[in-house]
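Let's take a walk through this model together, going from a pair of packed helices to the core and back out again. Keep the 3D view open as you read.

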Amino acid sequence: KIQTILLLSCLSSIDAFSDGRLMKTIRFGASRVYSQVEKDTEGSATTEKEGDWVSDLKPETWEHDDLPTSSSSSSLLAGFVKGPKQCLVFDTTLRDGTQGESVSASCEDKIKIANRLAKFEVDYVEAGWPGSNPKDLEFFQRAKVELPEHTRSKLVAFGSSRRKNIAVEDDPQIKALVDSDVPTVCMVVKAHSWQVTEILRATREENLEMISDSVSYLTGLGKTVLVDLEHFFDGYKSDPEYAIACCESAVNAGARCLVMCDTNGGSMPWEITEMSKAMIQHFDTSCTIGIHCHNDCGMAVANSIAACHAGVGLIQGTINGIGERTGNANLCSIIPSLGLHVETEMTCKDNLSEITKLSRFVDETLNRSPDIAAPFVGKSAFAHKGGLHVAAMERSPLSYQHVEPESVGNEMRVLISELSGRQNIMGKMQAMFGNDMDGGQKSTRSLAVLNRVKELESLGYQFEGADASVHLLILYSTQGYCPPFQVLDYSAQSYDQNMNKSSRLMKNLADSSTSRATVTVRTLIEDPDSLTKELTFMENLEVSDGAGPVDALAKSLLKALTPSYPSLGSVELTDYKVRILNPNAATKAVTRVLVDFRNTETDEKWTTVSVDANIVSASLNALVDGFEYALIEHAESCMLCDDFFE
C-alpha cells in the first residue's frame with residue numbers, strides 16, 4: 001500500500017511536468033475557454049486507452065474494497081474521481097460549521113470531533129484556518145502530538161491565496177498553512193469577476209497570478225491542494241470565461257480538485273447539474289470536481305446530490321448541516337442518500353449504521369439541541385403517529401419508511417396521542433410484553449389506554465415526547481402491576497427574608513436555598529428470611545431545602561426513596577420544561593410540565609409529563625412517574641396495590 005501511495009505521488013508530479021501545467025502563465029479570453037488542459041487531455045487519451053498500466057491505479061477503476069484507507073487520504077485525489085459511482089466525503093464541520101450562529105468549539109472539542117470523524121472514515125477533515133485565529137493555530141500544533149496518524153492523515157488546513165502585492169513565500173497565512181504540517185490544503189480563491197474587482201479590489205490578472213503562485217508554491221512543497229472557488233456559480237452565470245480562467249490557473253499550477261462553491265446558496269438543482277456537467281466535460285480527467293453548497297434556499301443537500309449525479313467526485317458539508325446563516329450541506333443526509341439510494345461507493349459507507357451516533361456526538365460536544373426532525377438521524381425520523389400508518393407498518397415496515405432505521409443506526413418509534421389508533425397502543429404492548437399477553441387481552445386493554453390518552457390530552461397532556469408516562473399508563477391498565485412506592489403526602493414552602501426587589505435576585509444567587517419540601521413515602525420492606533407471606537411496609541418522611549419548591553421536592557423524594565432503592569442514586573434530572581396551556585386564565589392557568597431523566601450508569605434517557613393548575617403538583621407527579629419508571633424492574637416484588645391501603 002505504501003509503495004502504491006509513493007508511486008501515485010510520483011506519477012502525479014510527472015503528469016504535471018509532462019503536461020506543462022506546473023508553472024504555466026494563464027491568459028484568459030474567449031479563445032481560452034477551450035483550454036490547453038483540454039488539448040493536453042485529448043493528446044494523452046490514446047495512451048490511456050491503449051492499456052497504460054498507470055490507469056489501473058486511478059480511482060474510477062477501484063472497487064469499493066480497494067479504496068485507499070485513512071493512511072493515504074492525500075492520495076485519494078492522485079487520480080480522477082467521478083460521481084455518482086464514487087464520491088469522496090470532505091467534512092468541514094470544524095471550519096465552516098463553526099461559523100454558524102451560537103456554534104462554538106474549544107480546541108479540546110475539535111480534537112474529540114476530529115477523532116470521531118476519522119473513526120467514521122470521512123475522507124477529509126477540514127479542521128480550521130491556522131492563519132486566522134489562535135484557536136485553530138493551537139489545534140494544528142496539538143494535532144501533531146495528540147492525534148493518531150489515522151486522524152492526522154485526514155486533516156486539511158484551510159486558507160486563502162496569497163495577498164496581492166506580496167510574494168507567496170512571505171505571506172504569513174501561507175506560512176501558517178505550511179507550518180500546520182498536514183498533507184492537504186484547501187485554498188479559497190475568488191472565481192467571480194465582480195468579487196475580484198469590487199470586494200478584493202484587485203485586477204482580474206492579479207487574481208489569476210495570486211491563484212497560480214499560491215497553488216504552485218504549496219504543491220511544490222508536496223501538499224495536495226484543493227481549491228474552493230468562492231461564488232463560482234454566480235461568477236459562472238455572470239462571466240463564464242473568467243470563471244473558467246480561474247479554474248485553469250489553479251489546475252495548471254497543480255491543484256488536484258476544483259470545488260465549485262454555491263457561496264450565497266441561491267442556485268437551483270438544475271443550474272447545479274448543468275454547470276457541473278460543463279465543468280466535468282471541460283476538465284475531463286485533469287482533476288476531480290467538487291461541490292460546496294450552502295442552504296439559504298433549503299437546497300444544499302439536493303444540490304450536492306444533483307452535482308454528484310452529474311459527475312462531481314467530492315462533496316463538502318458538515319455534520320447536522322451547521323454553518324453560517326442557514327447552514328451548509330448536511331452530510332448526515334447526503335451520505336445515507338448516496339449510500340442507500342444512489343448506491344455510491346464511499347470510504348465511510350460501511351459505517352452508515354454509526355451515523356446517528358456521530359450526529360448526536362457532535363451535537364452533544366458542541367452543546368446543541370439535536371433536531372428531532374432531521375432526516376435519517378433525528379429522533380422523529382422513523383416515528384409514526386397516525387393510526388392507519390401504524391396499522392400498515394404492522395404488515396410491512398417499509399409501507400411508511402424509505403429505509404430500515406437500523407441501516408443508519410436509528411430506531412422506529414410509535415407515538416401515542418389523541419390521533420393514534422388502537423394499533424399504536426398494541427404495538428407498544430407487544431414491545432413491552434411480547435407474547436405473554438394474548439391478543440384479546442391486548443385489544444381490550446389497548447382500547448382502555450387509548451381512551452385514557454384521549455381524555456388526558458383533552459386536558460392538556462401531550463404524550464408524544466413522554467414515552468415513560470405512556471409506559472406507565474399501559475402498566476397501570478395491566479392486571480397484577482403495582483407501583484414500587486406511594487407518596488402519602490407532601491408539602492412545599494418558599495421563603496425570602498429580603499423583599500427588596502432591586503437586591504433580592506442577587507441574594508438568591510448567593511444563597512440558593514429558598515424553598516423547603518417535606519415528602520412522606522411508603523415502600524415495601526423485603527425480607528428474604530421471612531417465613532410468612534405477610535408484607536411489611538416502611539413509611540419514610542424526609543425534608544430537603546432547594547433553590548425552589550420543585551428542586552426541594554426532587555431532593556426530598558430521592559432522599560426518601562434511596563434507602564429502599566439505592567439504584568436511584570444513578571438517576572439524574574437533565575431538563576425541566578413548563579408550558580402555560582391557557583395564558584388568558586392568568587394566575588389560574590393550567591401548566592404542562594415535562595421532566596427529562598438520565599441513568600448515569602446506562603445512559604438511558606426518559607421523559608415524563610403531567611398537567612395541573614398547580615405547577616408544584618404537576619411537577620411532583622412528573623417526578624414520581626420518572627422515579628417509578630426507573631424502578632419498574634422492582635415492581636414485580638412490590639405489592640403496593642390499593643387493596644393494601646384500605
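α3 passes α4 in a right-handed crossing. Bear in mind as we go that this is a predicted model. Helix α3 covers residues 107-120 and helix α4 residues 134-146, and their axes come within 10 Å, crossing at roughly 50°. An angle from 65 to 115 degrees would count as roughly perpendicular and one under 35 degrees as roughly parallel; α3 and α4 are therefore oblique to each other.

Which residues make this meeting of α3 and α4? On the α3 side you will find Cys107, Glu108, Lys110, Ile111 and Ala114, and they meet Lys135, Asp136, Glu138, Phe139, Arg142 and Glu146 of α4. Sorted by class, the residues of this contact are 4 nonpolar, no polar and 7 charged.

Together with Leu258 and Met279, Phe139 has the most contacts inside the largest nonpolar core, which has 87 residues. The element that gives the most to this core is helix α10 (residues 240-252), with 8 residues. Apart from this core lies another one, of 29 residues, including Val521, Ala552, Ala554 and Phe597. As background, nonpolar side chains tend to be buried together in soluble globular proteins.

Now centre the view on Leu258. Leaving aside residues up to four places away in sequence, Leu258 touches Val227, Leu229, Cys247, Ala250, Val251, Met279, Phe283, Cys287, Thr288, Ile289 and Gly290. Some of these names come back when we turn to the packing of α10 on α11. There the axes lie 12 Å apart and the helices pack at an angle of about 45°, so α10 and α11 are oblique to each other. Their crossing is right-handed. From α10 the contact takes Ile244, Cys247, Glu248 and Val251, and from α11 it takes Met279, His282 and Phe283. By class, the contact of α10 with α11 has 5 nonpolar, 1 polar and 1 charged residues.

Our next stop is helix α12. How many of its 11 residues are buried? The count is 8, and α12 is mostly covered. Those buried residues are Ala300, Asn303, Ser304, Ile305, Ala306, Ala307, Cys308 and Ala310. They pack against β6 (257-262), α11 (269-283), β7 (288-293), β8 (314-317) and α13 (331-342).

Is Ser304 buried or exposed? Residues count as buried under 20% relative accessible area, and Ser304 has 0%, so Ser304 is buried. Not counting residues up to four places away in sequence, Ser304 touches Ile291, Cys293, Ile315, Ala329 and Ile334.

Finally, zoom out to the whole chain. The protein chain has 21 helices and 16 strands. Of its 646 residues, 51% are buried. Among contacts between residues at least 6 apart in sequence, 72% join residues at least 24 apart.

Terms used. Residues are numbered from 1 along each chain as its sequence is written. This is a predicted model: local features need pLDDT of at least 70, side-chain atom pairs count only at pLDDT 80 or more; totals for chains, interfaces and linings use all residues. Side-chain values use heavy atoms; hydrogens and water are left out. A nonpolar core is a set of buried Ala, Val, Leu, Ile, Met, Phe, Trp, Tyr and Cys residues joined through side-chain atoms within 4.5 Å. Buried means under 20% relative accessible area, exposed over 50%, partly exposed in between (1.4 Å probe, protein chains only). Helices (H or I, at least four residues) and strands (E, at least two) are DSSP runs, numbered from the N terminus. Contact means heavy atoms within 4.5 Å. Axes are lines fitted to C-alpha atoms, for helices over the stretch in contact, and angles run from 0 to 180 degrees between N-to-C directions. Angles under 35 degrees count as roughly parallel, over 145 as roughly antiparallel, 65 to 115 as roughly perpendicular and the rest as oblique. A crossing is left-handed if the near helix is turned anticlockwise from the far one by less than a right angle, and right-handed if clockwise. Ala, Val, Leu, Ile, Met, Phe, Trp, Tyr, Cys and Pro count as nonpolar, Asp, Glu, Lys and Arg as charged, and the others, Gly among them, as polar.
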